[in-house]
Amino acid sequence: MRNDVKAIQLVWLSKTGLTNLNSGEGGSNLVDIKKFRYGGQEFPYVSGQAMRFYLKEAIRRHLRPEEACVADEQGETCGRIAECVLCDLFGFMTTVPDVGALTRVSPVKVSPAMGLLPLEDTMVTDFLTRRHRGAVVQQQAEMRGDIVNVELAVNIYKAGICIDTVRVGREEELVQVAEQQSAKKGKAIKTVRGVQLKDFAPEQERFRRITLLLDAIKDFSDYSKQARLLTDFTPDFVLVALQHNYSHRLQKAIELCNDGTAKLNVERLRQIITEVQEELVAVDSKPALWAGMVEGIVDNADEVKQALQDLQVPILTPRQAIDAAKKALGLEGLKQ
Ligand SMILES: [Zn+2]
């Protein structure tokens, strides 16, 4: 993989079918949707924690059990950065025998997925029945059911990821950089310390982990309630960037016009891409930024395509855009 890439950044839109991806606190007879308020209106969202869970489970499908631990009863994971792909990518707060408490900051930053269309126009409350059989059936072979209300919504969500590539498979360690000696006799010497990155996994393995993560963005699917509310929540419109500088600026590139339609704010798109261009690495002497889109997501797709063409951003499908970034990174065929 290219080692001048300090950040791999993606921001995307995903349009879902009628579903309930992430429940809030609800009540005994209500499965609600997690919501936030903005400008006097309610919108749905999927928490960053849930997004990370979906990605973890997508990656786990490709790993051996020893490469992907599950949390114990206390919710603690193994903390083995060298061996465990999930602990490396997603960080942990855990206790390790004979070592004590350990924490790792995740090198993978994930946003919550924010619904962009007001719930008022997009939500319905449906009810489902929970049937009880067995003991109840014995009472005159009757089937009793509880009625539970479920909030369902269609929406367009915005989400994003930024991978701190140099920290994958590595962890900061303290190093002594200088000593300060006191002029007074008998006074203790003070050591000055800094941090440097220590490798926990060889280069090929670090790159394989980044590949697994990029592929997970293409196919993550372990959202809740899919047994009867199956939908796809992977990117429908995506921007993928390879940056020589770590920043989150690209996350602001995608915004709707705030008029209740699915029109993308094209001026914003132009402004942010122009700003981010100075941070992009060059691939075949072009800036490393790709767009992927499928039809029927944004209302002003022609205008968006024109803006992307003007900015020399290649327009592919979402999966092709991620694959183009993988190819430019030199990550093809690294999954096994
Ligand atoms: Zn682990």
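Predicted model: local features only at pLDDT ≥ 70, side-chain atom pairs only at ≥ 80, totals over all residues.
1. Start with the cover over helix H5. The buried residues of H5 are covered by elements that include strands E1, E7 and E11, together with helices H1 (48-60), H2 (85-90) and H8 (318-329).

2. H5 itself covers residues 203-219. Of its 17 residues, 12 are buried, so the helix is largely enclosed by the rest of the structure. The buried set holds Arg 206, Phe 207, Arg 208, Arg 209, Ile 210, Thr 211, Leu 212, Leu 213, Leu 214, Asp 215, Ala 216 and Ile 217.

3. The length of H5 checks out. At 1.5 Å a residue, its 17 residues should span 24 Å. The end C-alpha atoms of H5 are 25 Å apart, which agrees.

4. Next, strand E11, residues 156-164. How many of its nine residues are buried? Eight are, so E11 is largely enclosed by the rest of the structure. E11 is also among the elements that cover the buried residues of H5.

5. Look at the partners of E11. Strand E1 (residues 7-15) runs antiparallel to E11, and nine bridges join the two. Strand E7 (residues 108-110) also pairs with E11 in the antiparallel sense, over three bridges. Strand E8 (residues 113-115) is antiparallel to E11 too, with two bridges.

6. Ile 163 in E11 is the bridge partner of Ile 8. Ile 163 is also the bridge partner of Val 108. Tyr 157 in E11 stands opposite Gly 115. As background, side chains in a regular strand alternate between the two faces of the sheet.

7. Asp 126 sits in strand E9 (residues 123-132). The C-alpha atom of Asp 126 is 10.0 Å from that of Ile 147, 21 residues apart along the chain.

8. Last, the whole chain. The protein chain has eight helices and 18 strands. Its C-alpha atoms fill a box of roughly 90 × 60 × 45 Å along the principal axes. Of its 336 residues, 36% count as buried. Among contacts with a separation of 6 or more, 68% join residues 24 or more positions apart.

How values were computed:
Residues numbered from 1 in each chain as written. Helix = DSSP H or I, 4+ residues; strand = E, 2+ residues; numbered from the N terminus. Buried ≥ 20, exposed ≤ 12 C-beta atoms within 10 Å, placed from the backbone. Contact = placed C-beta atoms within 7 Å. Pairing = 2+ DSSP bridges. Expected span 1.5 Å × (residues − 1).
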